[in-house]
Amino acid sequence: MSQSLVVPTLSQIHVYPVKSIAALMQSQAWVEKQGLAFDRRFMVASDDGAMITARKYPQMVKITAALTMTGLVLQYPDKADLVLQYTDFEMADAAATVWSDNFSAYTTTITANQWFSEILTHSVQLLFCGQQSQRVRPKIGHNVSFADGYPLLIISEASLVALNERSSEQHTMAQFRTNLVVSNTEAFAEDSWKRIRIGEVEFEAVKPCARCILTTVDPLTGEFSPLKEPLKTMATFRADAMGEVFFGQNLVALNEGMIRAGDAIEVLETKPQEIYADNIETKLQLTCVEREDIAADFTTFWFESHQQLPLPPYLPGQHLPLQLEINGEFISRRYTLSSSPSRPGRYAISVKRIDDGRVSNWLHRYFQVGDVLVTEKPGGDFHLGIHTDKLLLLSAGSGITPMLSMLRYLSDHDNVRDVVFYHQCSTEADIPSLQELHQLEDMHPSLDLRIVLSQPRRDWQGESGRLSISHLAMISDLEQRQVFVCGPEAFMVAAKKLLLKMGVSPARYHQEAFGPLRGQLAPKQSLKLTINGHIFNGDNQKTLLEQAETAGIGLNYSCRAGFCGVCKVTLTSGQVEQPDVPALLPQERQQGKVLACCCVPKTDITITQS
């Protein structure tokens, strides 16, 4: 084996001229104690100097920069370029805050402030740290730029490969906003480095880098991953006992000098690697053993274990996370299982083809018996649970899939006791599994099957129209029923509004939703929010953390994704919508704990910091 294959090598150098914007790749860089030259020397801040980042405004990652002899040029899609000249800067002293560090920076130009304000739709300013930052961090003994905490970050390419082998999505180094990328190492070799030399510079590894919601922002679209990847996967094998997730190592430079892409990395001193519990679960490989057309453009795919191993158990109504490779791109989707856990050995998903649905069209057109796909074990909070009688299973369109699972489960256990199965679709051709539903109706006198068509033929004998009060009024004992609802968003919004209006308790209302539907289930409502005695006006649309920040109230946070628990607070009165996230344990929920980063107020609330 040649020497070049075993010597760790600096493969890429990234600088971020403005904190939270896209990286600028360089072939070489001058290293200062405060960080790489030009790295995070500018920061977008609120009018009072508090840092503003892509954690809250993910569109910032689409801003790109080019360095010039006299300044820099910033670009953003469909917007005129911002040309910054150092000689034009006002250079007035301005208060700046990065996390808990308060220091003095400098103003730039009114034009720059306006340019960033238009992108963020919020009044902001662009600050400059100066040739030498005035932010001195006692932990490292010298000044630092606008970087979060430490001047530099290093990650190996092998570490990213190891992550991608576990994740349901494929990630790029751009998501981790590292300065130095290393090749020719084993995965997470950087965890064992204490001191290294690259080119003319010696570096010390200070601590592992704690990761946040920013890693879930797509660098191309500026949007958060709906599956919270890669944080979700990293939490299974790169998390400490407190739930904080780590990826990469923070560095400080012990001297100044030049580094170049291609430089060998000399490991001068090692340290024990951090040990993280590996809780990752083996991915399932499923083979399609049958395709069953259950309605127009609606197909059930039946699966068995590709490895001939027992399939993990699930509850009726839960979903199956799938990973598909379509034209070389890995795509993740979650489909509710329409099969019943009472019939072990097989999983089934029922997929309705949607005109602009990339995955549904691909499955219908290309996925055949004998093909294999990769999944994680079934999961989800929407399931039948202990409820077996006085049920209303209310669905529309493809939302029938969890209801089929629930009904099949109840039937297999001879437990269909006073169940109303209400399904809305367009025409008779769109009714899924009609023959089976009629068979179940004949088998169980306590099953009330209601098929409602929005576009019926003249000779249709059943109910018609959209879901309305008149439809629901025909259901006996409506207020006493446990109600399960699944369907298109508009249908679910209308259903909840009508059911609550007709006296169904919110405690009896269960809705399928992948992730919190923040503010989508109710009209916007003004609320009074109280945090540590500070009272301010809020609403039922945004997270508690977002609203506190807008009101100028500081709450602790780190990941902004429900993984670390730093933003945990106590709800002393009122109600919030709190999604199921790793950092909040069941017993903590019972104690009134919520996470400010992802809970949404539903009523007036009072909060105290834990």
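Residues are numbered from 1 along each chain as its sequence is written, and side-chain values use heavy atoms, with hydrogens and water left out. Because the model is predicted, local features need pLDDT of at least 70 and side-chain atom pairs count only at pLDDT 80 or more, while totals for chains, interfaces and linings use all residues.

Helices and strands are taken as DSSP runs, numbered from the N terminus (helices: H or I, at least four residues; strands: E, at least two). Two strands are said to pair if DSSP finds at least two bridges between them. An open sheet is built from three strands in the order 4-3-19, with antiparallel pairing. Its edges are strand 4 (35-36) and strand 19 (257-260), each of which pairs on one side only. Strand 3 (residues 28-32) is joined to strand 4 by two bridges, in the antiparallel sense. Val31 has Leu36 of strand 4 as its bridge partner.

Strand 26 (residues 372-375) pairs with strand 21 (residues 284-295) through four bridges, and the two run antiparallel. Here Leu284 has Thr375 of strand 26 as its bridge partner. Strand 23 (residues 319-326) is also antiparallel to strand 26, with two bridges. Gln323 is the bridge partner of Val374 in strand 26.

Contact means heavy atoms within 4.5 Å. Helix 2 (residues 157-166) has Ala158, Ser159, Leu160, Ala162, Leu163 and Asn164 as its buried residues. Their cover includes strand 14 (152-156), helix 3 (231-237) and strand 18 (246-253). In helix 4 (residues 358-366), the buried residues are Val359, Ser360, Asn361, Trp362, Leu363 and His364. Strand 21, strand 22 (298-305), strand 23, strand 24 (329-336) and strand 25 (347-352) are included in what covers them.

Burial also occurs in a loop. Thr216 sits between strand 17 (201-210) and helix 3, in the loop. Its relative accessible area is 3%, so Thr216 is buried. Neighbours within four places in sequence aside, Thr216 contacts Glu223, Phe224, Ser225, Lys228, Glu229, Pro230 and Leu231.

Nonpolar cores were examined next. A nonpolar core is a set of buried Ala, Val, Leu, Ile, Met, Phe, Trp, Tyr and Cys residues joined through side-chain atoms within 4.5 Å. The largest has 49 residues, and Val44, Leu74 and Phe116 have the most contacts inside it. At least two residues of this core come from each of strand 5 (42-45), strand 7 (71-76), strand 8 (79-85), helix 1 (110-120), strand 11 (125-128), strand 14, helix 2 and helix 3. Helix 1 gives the largest share, five residues. Leu74 contacts Val18, Ile21, Ile63, Thr64, Ala65, Asp81, Leu82, Leu84, Trp115 and Phe116, leaving aside neighbours within four places in sequence. Another core lies apart from this one, with 36 residues, including Phe146, Phe536, Ala596 and Cys597.

The whole structure holds 35 salt bridges. A salt bridge is a side-chain nitrogen of Lys or Arg within 4 Å of a carboxyl oxygen of Asp or Glu. Asp430 and Lys352 form one, at 4.0 Å from N to O. This pair links distant parts of the chain, 78 residues apart: Asp430 is in the loop between strand 28 (417-425) and helix 6 (434-443), and Lys352 is in strand 25. Asp430 counts as buried at 16% relative accessibility, whereas Lys352 is partly exposed at 26%.

Arg457 and Glu428 meet in a salt bridge at 3.3 Å, N to O. The two are 29 residues apart: Arg457 lies in the loop between strand 29 (447-453) and strand 30 (463-464), and Glu428 in the loop between strand 28 and helix 6. Arg457 is exposed, at 54% relative accessible area. Glu428 is partly exposed, at 34%.

In the salt bridge of Lys524 with Asp539, the closest N and O atoms are 4.0 Å apart. Lys524 is exposed at 65% relative accessible area, but Asp539 is buried at 12%. Finally, a network of salt bridges links Arg195, Arg197, Glu202, Glu266 and Glu269.

Note on methods. Buried means under 20% relative accessible area, exposed over 50%, partly exposed in between (1.4 Å probe, protein chains only).
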